[in-house]
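Subject: Structure handover

Hello,

Here is the structure for you to look over. Please open it next to this note.

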Amino acid sequence: MSPDEPLQCAGCGVAIQTEDKTKQGYAPLSALNRDVVICQRCYRIKHYNEVAPVDMEDDDFLRILNGIGATDSLVVMVVDIFDFQGSWLRGLPRFVGNNPILLVGNKVDLLPRSINLNRVRNWMQHEAKQLGLRPVDVVLVSAAKGQGIDELLQRVGALRRGRDVYIVGVTNVGKSTLINRIIHDYGSAGVEITTSPFPGTTLDKIEIPLEDGRFIYDTPGIINRDQIGHMVTPQDLRKLTPTSRVNPKTYQLNDRQSLFIGGLARIDYVSGEHQPFVVYVANALPIHRTKLEKADELLAKHHGGLLAPPAGEAVKLLPPFTRHTLKIESAGPVDVVISGLGWVTLQGKRKATLEVHVPKGVGVAVRKALI
């Protein structure tokens with residue numbers, strides 16, 4: 001780095017400044033003497049797990065992404081397998097131009113142990129094609145556990161062909177954890193990117209040098225506004241974010257029954273034959289079954305109490321529920337997906353009608369079953 005270039009935080013990439021504690025990039029003068037300089041915000045996230053508000057706008061994120069299209073590079077798009085639709089980076093081909101895209105499914109360790117990983121890869125290829133992306137390959141990893149990292153590095157080495165590598169994704173897919181795993185396992189151990197369960201940890205591009213003079217760039221996570229995690233408190237976000245292998249819960253439902261997932265979503269089985277509803281959400285989230293005719297009353301009386309999270313006064317932060325009517329055709333197993341929360345699998349042997357109630361703005365979709 002030349003003397004004219006601003007010092008960057010090794011944790012989030014933002015320019016370091018020592019003048020104003022209220023603005024991003026602040027670090028006390030004493031911090032500049034350390035071998036690895038990080039801003040006060042990153043220090044508090046790292047050591048105290050404090051929430052730090054982000055003052056970057058969507059346009060700032062898009063400006064950084066738009067620059068990738070002018071480069072000759074390999075783009076690695078990271079998605080959260082457990083929240084595939086919610087963590088999808090929309091319009092990526094528009095940003096990256098003709099650069100090849102390697103699709104990486106992170107958090108594979110959260111899926112049930114019995115799942116066939118080759119089937120998951122094929123499923124991701126199918127879903128990516130449905131969403132308008134044709135990746136050059138798909139790799140499954142667990143950044144937290146170190147699973148699949150060797151295979152990922154081999155594929156990156158083969159595909160980049162001497163080019164820079166840009167790692168992109170939405171917030172909270174585990175990009176920074178993934179890069180830290182690569183750094184710690186394969187060199188440059190003096191660098192550590194700030195990781196946190198809260199959105200918007202990386203604030204600007206972070207450069208990680210490669211042995212041939214090229215770089216891996218970690219870019220800020222784009223915020224997908226339809227993820228439910230952006231509508232809850234940090235305490236509730238921890239409860240709905242899986243941290244261990246998800247145990248599916250099966251409910252045998254007749255029509256005119258309802259399932260509540262905490263106080264975050266309600267699924268009404270309006271019409272159809274008796275069948276299992278298999279729920280894949282964080283193990284800590286409670287699920288309540290009731291008759292459809294009682295569901296409105298139960299929500300009005302117990303939202304924030306029995307039906308939690310959100311708990312207590314945090315209910316007031318949640319947008320009002322809106323209803324999504326879904327017609328399930330008899331075309332094989334399907335997942336009903338709630339962005340940022342999880343999904344419910346139906347057998348799809350016969351036609352059924354569901355109404356899914358979620359906070360306004362949260363994405364709801366039907367897809368080919370993952371499991």
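This is a predicted model: local features need pLDDT of at least 70, side-chain atom pairs count only at pLDDT 80 or more; totals for chains, interfaces and linings use all residues.

Residues are numbered from 1 along each chain as its sequence is written, and side-chain values use heavy atoms, with hydrogens and water left out.

**Overall**

The protein has 8 helices and 16 strands. Both are DSSP runs numbered from the N terminus: helices are H or I with at least four residues, strands are E with at least two. Of the 371 residues, 53% are buried. Here buried means under 20% relative accessible area, exposed means over 50%, and partly exposed lies in between (1.4 Å probe, protein chains only). The protein exposes about 17,200 Å², and carbon and sulfur atoms supply 48% of that. Areas come from the Shrake-Rupley method with a 1.4 Å probe; for residues, only the protein chains shown count as cover. Take the contacts between residues at least 6 apart in sequence: 71% join residues at least 24 apart. A contact means heavy atoms within 4.5 Å.

An open sheet of 5 strands runs in the order 7-10-14-13-16, with antiparallel pairing. Strand 7 (249-253) and strand 16 (364-368) are the edges; each has a single partner strand, so one side of each has no neighbour in the sheet. The twist averages 25° from one strand to the next. Angles run from 0 to 180 degrees between N-to-C directions, on axes fitted to C-alpha atoms (for helices, over the stretch in contact). Two strands count as paired if DSSP finds at least two bridges between them.

Strand 14 (residues 342-346) is mostly covered, with 5 of its 5 residues buried. Gly 342, Val 344 and Leu 346 point one way, Trp 343 and Thr 345 the other. Its partners are as follows:

- Strand 10 (residues 275-280) pairs with strand 14 in the antiparallel sense over 3 bridges. Tyr 280 stands opposite Trp 343.
- Strand 13 (residues 334-338) pairs with strand 14 in the antiparallel sense over 5 bridges. Val 334 has Leu 346 as its bridge partner. The hairpin of these two strands has 3 residues between them, and Gly 340 takes a positive phi near 85° there.

Strand 13 also joins strand 16, antiparallel, through 5 bridges. In that pairing, Asp 335 is bridged to Arg 367.

**Salt bridges**

The whole structure holds 15 salt bridges. The criterion is a side-chain nitrogen of Lys or Arg within 4 Å of a carboxyl oxygen of Asp or Glu.

Asp 137 and Arg 155 meet at 2.8 Å, N to O. Asp 137 is in strand 3 (residues 137-140) and Arg 155 in helix 5 (residues 149-160), 18 residues apart. Asp 137 is partly exposed at 21% relative accessible area. Arg 155 is partly exposed too, at 26%.

Asp 296 and Arg 266 meet at 2.7 Å, N to O. Asp 296 lies in helix 8 (residues 292-302) and Arg 266 in strand 9 (residues 265-271), so the pair ties together parts 30 residues apart in sequence. Asp 296 is exposed at 53%, whereas Arg 266 is buried at 5%. Shared partners join Arg 266, Asp 268 and Asp 296 into one network of salt bridges.

Glu 313 and Lys 316 also form a salt bridge, with the closest N and O atoms 2.7 Å apart. Both residues are exposed.

Best wishes
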